[in-house]
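Student: I have a structure open and would like to learn to read its features. Can we go through it together?

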Amino acid sequence: MTGRDWSIQEIARLAGTTSRTLRHYDDVGLLAPSRIAHNGYRHYDEAALVRLQRILLLRELGLGLPQIAEVLNPVTPRQSEESALETHLALLREEQNRLARQIASVENTINALRGGEELMAENMFDGFDHTQYKEEVEERWGRKTYADSDRWWRGMTDTERADWQQRVSDLGRDWIAAAESGIDPASAEAQDVARRHVEWLTGIPGTPAAVPGGDVKGYVIGLGEMYVADPRFGANYATSAGGTEGAEFVRDALRIYADGNL
């Protein structure tokens, strides 16, 4: 490796994240700067860049920061960076394969519809799995939570599912618009979107937000933190600037709403 390093601003831009996020990674012991310049700016060398790449890859695979720390800082001697990246690469290729199957499935459906051909139901859902987060939900909130939510989802009509998905889409659009407008998370506009978000959450059976006497406040605040930590959810609130600013805006607005209303 060369002796070159990059400033925190350069790394944030290149990685599509923020200086604030990089500083947070340092605070939680994930990524320390290789040096701090006389002006107080943090700099990162090539070894730090490799570590950051691993962090971002693990986030893409759905791990939270505590789990990433366990992978990067194991009790037993860790594997080489090259070997670890090879493992990441294998997992990414599995995800690439799943997405390729989904793309092919949707393309086949479009072609069949255009050509007036009969749809092959057994091929329409290749690569899709609505239960893929089953274990994670059960681990976080219990088996009953997943079972109740799954039963509710399966019991919906096609129209009800479409309406629900439109509501989710509208919330995501309004969150992004609010974040990009530069308004304060505590503003009336942002808090109105937060209110709608909480009302949406309380309508999903099985979740703590929908159970009488449940810890709605803790659930809402915890979800806000997860939107920032987990790229699968944070992507729903990504602004045109990229990074996690959109998810951070949602988190902050939800926390303010929860503190004042729940």
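Tutor: We will look at a helix and then at salt bridges.

Tutor: This is a predicted model, where local features need pLDDT of at least 70, side-chain atom pairs count only at pLDDT 80 or more, and totals for chains, interfaces and linings use all residues. Residues are numbered from 1 along each chain as its sequence is written, and side-chain values use heavy atoms, with hydrogens and water left out.

Student: Which residues are buried in helix α2?

Tutor: Buried means under 20% relative accessible area, exposed over 50%, and partly exposed in between (1.4 Å probe, protein chains only). Helices (H or I, at least four residues) and strands (E, at least two) are DSSP runs, numbered from the N terminus. In α2, residues 19-27, the buried ones are Ser19, Thr21, Leu22 and Tyr25.

Student: Where do the buried residues fall, seen down the axis of α2?

Tutor: Take the directions from the helix axis to the C-beta atoms; the arc is theirs. Here the buried residues fall within an arc of 165°, so they line one face of the helix.

Student: How many salt bridges does the count come to?

Tutor: A salt bridge is a side-chain nitrogen of Lys or Arg within 4 Å of a carboxyl oxygen of Asp or Glu. The count comes to 11. One of them pairs Asp5 with Arg35, with the closest N and O atoms 2.5 Å apart. Asp5 is in strand β1 and Arg35 in strand β2, 30 residues apart.

Student: Is Arg35 buried or partly exposed?

Tutor: Arg35 is partly exposed, at 39% relative accessibility.
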